[in-house]
Amino acid sequence: MTTEMQEIAIMEDKPLLTGQTDSVKEAEIAARLLLDRGQEYNIETPHGLLHVTLHGTGSTRRPAILTFHDVGMDSKSCFSSLFKFEEMQEIVKNFTVVHVDAPGQEEGAAPFPAGYHYVSMDQLAEMIPSVTQFFNFRTVIGIGVGAGAYVLSKFTLKNPDSVEGLVLINIDLNARGWMDWAAQKLITLTSSLAEQILGHLFSQEENSSNTELVQAHRERISTASNLTNIDLFWKSYNNRRDLSIDRSNTLKCPVMLVVGDQAPYEDAAVECNSKLDPTTTSFLKMADAGGMPQLTQPSKLTEAFKYFIQGMGYMASSCMTRLSRSRTTSLSSSYSLEGSRSRSRTLSQGSVGGNMPPSPSNTMEVSC
């Protein structure tokens with residue numbers, strides 16, 4: 001018996017086709033690296049080329065997850081931490097993901113020439129249909145941060161049938177007022193571009209503490225080879241127009257608003273919540289998240305996103321993590337997963353709002 005077992009072991013160690021196992025492993029590694037890196041495209045649009053990165057097979061059976069980053073960032077710096085998070089892989093493996101970079105903002109982009117006329121926020125939104133048509137996506141679930149949230153909201157207003165859901169982080173629907181414009185002019189004279197953008201990305205507390213994340217982004221922006229392009233995108237965002245959203249002219253799809261409890265745009269997100277349909281809107285205010293919750297709290301944001309897409313009929317409960325499943329019972333009654341939503345929800349991380357009665361605006365605080 002011992003001899004026979006040894007003979008079997010020898011045969012397994014030496015396959016008939018020498019080198020086949022190594023070739024298979026190399027192919028698997030190469031495929032995995034390609035999947036992680038994604039496939040990059042430059043797509044022609046009515047307003048110029050748009051750089052996008054596709055992850056997944058490009059299947060059109062489900063909506064694609066389409067992301068758009070904030071000012072001072074690109075798709076990698078804005079979303080890599082979130083989409084590479086371990087529990088997010090449960091979602092990523094079931095959807096095609098496409099990351100959109102605003103013109104000239106992608107890593108390694110060449111600086112635009114002097115006098116280059118950068119696209120407006122409205123024109124950026126008009127470029128998105130070219131992406132969905134290029135990949136033949138029937139519908140998308142959008143995830144936008146800051147300027148990206150504004151662009152995707154504008155795109156959704158113009159193309160309501162193309163968007164099944166929106167996750168809007170640090171959204172500001174309004175144009176800058178005269179006071180904001182004057183303040184920005186003064187800041188421009190006294191602060192570097194990097195400091196201006198850091199004030200947009202992070203909370204005052206984070207900037208004052210000069211956290212490692214703030215330091216890393218200051219270094220990245222200050223030394224960027226496409227700093228001119230970043231400045232153009234920043235000016236375009238500051239010149240945005242009011243989206244004019246109200247209850248009679250609102251986003252038609254389910255929306256999850258996300259903001260850190262000390263984020264620069266907390267008040268703007270609260271105002272946005274008041275203008276959206278309360279039956280299809282969820283408001284997640286995240287404690288200890290700062291200005292960029294997708295980077296500082298990827299676990300909490302991933303869990304909330306799972307519930308959000310479950311509410312649209314995707315991702316069965318069997319795909320949820322043990323942590324998520326343990327909370328399903330406590331959340332399901334207020335965060336209706338069957339689509340019969342009757343009120344706006346505020347999911348407040350670490351709050352005691354779960355015992356609070358609904359406010360006059362019909363918003364419920366739920367401990368998450």
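Reader: Where do Asp 231 and Lys 235 lie?
Author: Both residues lie in helix H11, four residues apart, which is about one turn of the helix. Helices (H or I, at least four residues) are DSSP runs, as are strands (E, at least two), and they are numbered from the N terminus. This is a predicted model, in which local features need pLDDT of at least 70 and side-chain atom pairs count only at pLDDT 80 or more, while totals for chains, interfaces and linings use all residues. Residues are numbered from 1 along each chain as its sequence is written, and side-chain values use heavy atoms, with hydrogens and water left out.

Reader: What do Asp 231 and Lys 235 form?
Author: They form a salt bridge, with the closest N and O atoms 3.4 Å apart. The term requires a side-chain nitrogen of Lys or Arg within 4 Å of a carboxyl oxygen of Asp or Glu.

Reader: Is Asp 231 buried or partly exposed?
Author: Asp 231 is partly exposed, with a relative accessible area of 23%, and Lys 235 is partly exposed at 46%. Buried means under 20% relative accessible area, exposed over 50%, and partly exposed in between (1.4 Å probe, protein chains only).

Reader: How many salt bridges are found in the whole structure?
Author: The search finds nine. One of them joins Asp 122 and Lys 154, whose closest N and O atoms are 3.8 Å apart. Asp 122 is in helix H5 (residues 121-134) and Lys 154 in helix H6 (residues 147-158), 32 residues apart.

Reader: What are the relative accessible areas there?
Author: Asp 122 is buried at 13%, and Lys 154 is buried at 15%.

Reader: Which residue joins Asp 122 and Lys 154 in one network?
Author: Arg 241 does, through salt bridges that share partners.

Reader: Turning to packing, at what angle do H8 and H11 pack?
Author: Helix H8 (residues 193-201) and helix H11 (residues 227-238) pack at about 45°, with their axes 11 Å apart. Axes are lines fitted to C-alpha atoms, for helices over the stretch in contact, and angles run from 0 to 180 degrees between N-to-C directions.

Reader: Which residues of H8 meet H11?
Author: Leu 193, Gln 196, Ile 197 and His 200 do, and their counterparts in H11 are Leu 227, Ile 230, Asp 231, Trp 234 and Tyr 237. Contact means heavy atoms within 4.5 Å.
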